Structure formats: C-alpha cells, structure tokens
Amino acid sequence: MTGPMNPTKNTFSVAPLSRVLMIIEVVLPIALLVLGIYHGFLQALYRAGVIQSSSFMGLGYYQGLTLHGVVNAIVLTTFFGVALGNGIMQYYLRKPLIPWVHAASTGLMVGGTLIAAVPMLVGLADVLYTFYPPLRAHPAFYIGATLLVVGSWVAFFGWLPLLQRWIRENPGMPLPLAVLGMLITFLIWFLCTIPLAIEVLFMLIPWSLGWIDTINIPLARTLFWFFGHPLVYFWLLPAYVIYYVMLPKVAGGKLYSPYAARLAFLLFLVLSIPVGLHHQYTEPGFDRVWKALHALLTFGVAIPSFMTAFTVSASLEYAGVQRGGRGLFGWIGKLPWLDANRPLFAYSIAGLLIFVFGGITGLVNASYNMNQTIHNTGFISGHFHMTVGGPVFLIILGMSLELFSQLTGKPIRGRGWNVAVPYLWMLGLFIFSPAMMYGGLLGQPRRTNMGLSYLDPSSPHFRADWVPTALLTGIGAAIMTLAFVIYLGVWIATIAGAVRHSVGELSFPTAEYVHGDAPTTSVVARLRPWLVIALLLILVSYWVPLQQAFRASEGAAPYAPDNPVPLIQVEK
Ligand code: HAS
C-alpha cells in the first residue's frame with residue numbers, strides 16, 4: 001500500500017495512531033531531559049565548589065550522575081533514533097508504518113523507561129550509564145533497560161517489510177540516502193546490542209536476583225564495550241543523516257557527493273563495532289596485539305567522519321556561493337547563520353563546529369600512550385560532551401521541535417530565541433569542555449565525590465591548580481543550562497500555540513546533488529558485502545579477547561544479599 005503522498009506539496013500524511021505515537025516518542029524524552037540536564041548542572045556546580053553537596057532533592061552523587069547519563073545518553077538518544085527513523089521511513093519510502101508494530105515498539109520503550117526509572121529514583125540503581133559490575137542495580141533497572149532496547153528493535157524490524165516492498169516496486173534503484181543512513185544506524189544498533197543482551201540476560205539479571213553467586217567482571221566489561229563504542233555511532237549517525245540529506249538544502253545548496261555520503265555510512269557499518277578495547281587499554285588480561293588491532297581500527301573509524309567533514313564543508317561552500325558568496329572565505333558569511341526560519345541550520349552548524357574538537361580529542365583518546373595520561377580523568381568528560389553533547393544533542397533538540405511542529409500542526413514559536421539556543425549552548429560548551437580537559441591533564445578525576453576538599457585551602461587534598469578549571473566548568477555549565485531553559489521556553493510556547501498548518505504532514509527538506517547519485521552498479525549501491533565484511537571483522541577482533549576475558553574469572557564480584565548496592569560509597 002502506498003501512503004497518502006501529496007505530490008504538489010511533497011508531504012506525507014502520517015496515520016492518526018502513528019502520529020500520536022510519534023508525538024509520545026518526541027515529547028517524553030524531552031520532558032525527561034529536564035531531569036537529566038538539572039542533574040548535569042548540579043554535578044558541575046558541585047565540582048566547581050558552588051554547592052556544598054550534590055544531594056539536592058535528596059539524591060546522592062552517583063544517583064544524580066546515573067540519572068544524568070541514563071536520561072541524556074540512553075533514553076533521549078534511543079527515542080530520538082526511533083522517532084526520526086519512523087519519520088524517515090514513512091516519508092522517503094512513501095509507506096505508512098504497520099500500526100500494531102508501531103504501537104508495540106512505543107509501548108515497550110515507554111514501559112521499559114518507566115520501569116527503569118523507579119530504581120534510579122529511589123536509589124537502587126546508582127550504577128551510571130555504563131552499568132557494568134562490580135556496581136550492581138536492582139533487577140528492575142536491567143529489565144526496564146532491556147525493554148527499551150527491545151522496543152527499538154521492534155521499530156527496526158517493522159521497517160523491513162516497508163523496505164522490501166519499496167525495493168520490489170523500484171527495481172535497480174539505490175535506496176534513498178536518508179533510508180540507507182537510518183538502516184545502517186539500526187543495523188549497527190542491532191548488532192551491538194546482542195552482546196549487551198548477553199551481558200544483561202545471562203549475567204546481570206541473574207546476579208542482581210541472587211541466582212548466581214559471582215559475576216565475571218572482565219567479561220561483563222568486555223561485552224559492555226562491545227556495545228559501548230558502536231553505541232556512540234548509533235547516537236551520531238542520525239545527525240549525519242540530517243547533515244547529508246537536509247542541511248545542504250536548508251543552507252540553500254546541494255549535497256556535494258552522495259557517493260561519499262553512502263561510502264561514509266557503509267564504512268561506519270564495517271568499522272564502528274570492532275573497536276571496543278580502546279575503552280579497556282588500561283585493563284589487564286588482553287594480549288596487547290588485540291589492543292593494537294582495536295587501536296588501528298579506531299583510527300579507521302575516524303575516516304568516514306573526515307570524509308563527512310569534507311563533503312559537508314564542500315556542500316556548505318556550494319550553498320554559500322549560490323547565495324552570492326565570493327572569494328576563498330566569502331561564502332561563509334553568506335550562510336543562513338541567524339535565519340530564524342531555518343533553525344535547523346543553526347542547530348547543525350553549531351554541532352559541526354563543536355564536533356571538530358570532539359573528534360580530534362577522540363583521536364587523542366585512541367592513541368594508546370596518550371590514553372594512559374587521560375584515561376578516567378576530566379579529559380574524557382570534556383571529549384564526550386563535545387561529541388554526544390555537541391552534534392548529537394543539538395540535532396536532537398532542533399529536529400525534535402521540528403518533528404513536533406509537523407506532527408501537531410503548531411508552528412514553532414519564539415523563533416529568534418530558538419535560533420539562539422545552539423549558539424549559546426556552543427558558547428557554554430566551549431568553556432565547559434576545555435576546562436574539563438585541561439583539568440584532566442592536571443589530574444582531575446573524571447568523577448569525584450570528594451566534596452570540596454580539593455578546592456578548600458585548609459584541606460590536605462587542596463589543589464590550587466585545580467581551582468580555575470573547576471570554576472570554569474561551573475560557568476560553562478551555567479551557560480549551557482541557560483540555553484536549555486530558553487529551549488524549554490520555546491517548547492512551552494509552541495505547545496501553547498494554535499494549530500496553524502496541516503496536522504501530521506511530514507515534510508523534510510531534501511537536498512539535490514551537485515554530482516549525480518552513485519551508479520547502481522557501484523560498490524556503494526550494495527549493502528550485503530559490507531555487512532559480511534563487518535561480521536568477519538567483528539569475529540576476528542573479538543574472538544580471542546572474549547576468550548581471554550572469559551578466562552579471567554579471578555575478577556569475579558560476589559553477590560551480597562544483605563546489601564542491594566554493596567560497592568557504592570555514597571558520602572553523606
Ligand atoms: Fe569517543 C570515550 C575515541 C567519537 C562518545 N567517547 C568516549 C566516551 C563517550 C564517547 C561517551 O579511543 C566515554 C565512554 C565512557 O563512559 O567511558 N571517540 C573516539 C574516536 C572518535 C570518537 C577516535 N566519541 C565519539 C563520538 C561520540 C563519542 C562521535 C558520541 C557521539 N572515545 C574514544 C576513546 C575513548 C572514548 C578512545 C575512551 C577513552 C578512555 O580512556 O576512557 C572518532 O569517531 C572521532 C572522529 C571525528 C572526527 C571529526 C570530524 C569533524 C566533523 C565536523 C566538520 C565540520 C564542519 C563545519 C563541516 C575526525 C565531521 C564546517 C564549518 C563551516 C563554517 C563551513
């Protein structure tokens with residue numbers, strides 16, 4: 001069945017049930033984000049010495065940090081990936097979603113989130129967003145997280161019949177670029193959540209229920225990072241879909257090379273998974289040859305991002321020239337930086353500028369010897385706030401509002417404010433992250449529940465050289481929080497506004513190409529060979545490390561039934 005496409009307006013009408021479900025997928029995580037951002041702000045104020053305790057509202061340090069990480073990095077990103085994927089599949093394949101599959105997927109995700117929220121809120125899951133042992137949570141946390149992931153799988157499986165029909169109806173045609181991007185995003189997600197499912201179902205849940213006495217920590221951590229690094233590309237690739245497919249159009253130009261775009265997505269499929277040991281360089285138990293292989297592949301996975309930097313810059317230059325820009329740099333000023341009617345440009349460009357630094361610091365982390373200096377220091381927090389807190393977060397903010405507006409027929413209100421949000425966030429982040437990173441180079445730990453002791457001259461822990469970076473971290477976080485408050489104001493004004501255009505009509509700006517699309521005979525027009533290479537590379541890179549981790553059972557953590565969260569020290 002072909003969905004109701006309006007050829008003159010190039011829109012797609014979402015069926016009423018899917019419309020309601022998509023509104024939930026967009027609004028619920030943004031509402032939860034209030035909690036996530038609030039606890040992030042408290043963390044920064046605590047680190048800066050502005051507040052004496054991180055236990056505002058009765059929540060402990062690790063409890064607040066867990067809420068911050070889980071809401072921002074797991075819940076928000078998963079819901080957004082699914083919502084955007086639902087939108088893109090309907091719009092570009094011109095087919096409605098299967099109603100019961102869509103309802104099951106959203107139901108599982110919402111139910112799972114609510115189930116996991118309870119132990120986090122009552123302090124029985126202070127395990128951070130990485131949740132591997134020896135930290136242990138209440139079983140409800142793991143069960144809720146599992147349902148959230150299963151819900152996202154159901155959404156993905158629900159797209160496959162639509163894809164099959166589209167391929168039958170369009171023999172020999174390459175998949176629309178946006179569809180290919182989202183398909184690869186979710187293929188990566190599906191592959192990398194399999195080891196996570198093994199860890200959660202066969203290790204964490206039985207351990208937290210007391211069914212098994214001990215748990216193999218090295219194995220659990222290895223399974224987690226098997227999932228944990230591709231996870232970051234599950235966060236990033238929806239943003240790349242928007243940079244390639246929509247940004248050139250929004251900027252007033254065309255996509256420079258769809259071939260490069262397709263190749264970048266396919267390279268992510270191959271290279272984003274076999275790299276997890278770069279999170280475990282400091283851990284014993286693995287032969288260094290495997291760490292070296294993962295390091296090499298980590299440098300490899302930067303290549304599609306370098307390609308993206310080039311292709312998106314070239315597309316933006318093309319747009320600037322079309323808009324009258326002349327000379328080597330004259331086109332930059334012609335881009336619609338402050339155009340309140342094209343907020344997606346501001347959200348995209350701010351994210352891209354942040355990611356230049358987020359990416360470079362990732363390469364520092366990946367270098368084995370430099371990693372020894374910065375591992376577990378503030379440098380890492382600086383890095384990941386300029387990646388997941390940069391392009392990923394800003395695209396989620398900008399696009400969620402856009403999707404909400406299209407689904408409800410309510411125009412975005414406070415447009416001038418809206419366009420200021422990404423730049424204000426970028427300003428705050430450019431203070432926050434370098435301060436964190438410099439602090440890290442001075443030895444500041446990534447997480448600390450030491451109270452103010454290192455900022456207090458009378459304490460034996462006092463570190464005078466940490467004071468300026470700690471304060472700057474707080475200032476940067478305050479500016480970022482202000483940006484988010486303005487964003488919330490825009491949301492509230494939009495929700496309170498009247499319906500002014502057609503309800504549930506998806507309309508995505510879609511760039512044409514400067515150079516034609518990749519020929520259907522080319523290597524980037526086929527998905528299967530890339531998938532096979534990806535699976536082989538996973539096998540080669542993880543076969544031995546998993547066995548080595550499996551044998552390292554002396555790292556086992558005991559089950560302690562008297563204390564539900566035995567290994568966390570919460571300072572009162
Ligand atoms: Fe990372 C740790 C290495 C990318 C997130 N990373 C983390 C953690 C998170 C995270 C959350 O090798 C902490 C995990 C934890 O809890 O312990 N990361 C990398 C590398 C890359 C990278 C090599 N990371 C990301 C992305 C993330 C993310 C993306 C989230 C979305 N990361 C590491 C390593 C660690 C790590 C180690 C472990 C450290 C440790 O010891 O614990 C690469 O993929 C980065 C490649 C990116 C680039 C940048 C390309 C630039 C672009 C912008 C172009 C700009 C334009 C604008 C077009 C090379 C695309 C033009 C402007 C005009 C005006 C025209």
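The legends below describe close-up views of a predicted model.

Local features are taken where pLDDT is at least 70 and side-chain atom pairs where pLDDT is 80 or more, while totals for chains, interfaces and linings use all residues. Residues are numbered from 1 along each chain as its sequence is written, and side-chain values use heavy atoms, with hydrogens and water left out.

**View 1. The shell of residues around the ligand.** The ligand is surrounded by 40 residues (each with a heavy atom within 4 Å of it), and the closest are Tyr129, Tyr233, His375, His383 and Arg446. By class, 25 of the shell residues are nonpolar, 14 are polar and one is charged (Asp, Glu, Lys and Arg count as charged, and Gly is among the polar residues). Helix H12 (343-366) is one of the helices that supply at least two shell residues, and H12 gives the largest share, 10 residues (helices are DSSP runs, H or I, of at least four residues).

**View 2. His383 and the iron atom.** His383, which lies in helix H14, is the only protein donor of the iron atom of the ligand, through NE2 at 2.3 Å (donors are N, O and S atoms within 2.8 Å of the metal, or 3.2 Å for Na, K and Ca, and water is not among the atoms).

**View 3. Polar atoms facing ligand oxygens.** A polar side-chain atom of Arg446 lies 2.6 Å from an oxygen atom of the ligand, and a backbone N or O atom of Ala366 is 3.2 Å from a ligand oxygen atom (a polar contact is a pair of N or O atoms within 3.5 Å).

Conventions
Polar contact = N/O pair within 3.5 Å; in protein donor to acceptor, adjacent residues only side chain to side chain.
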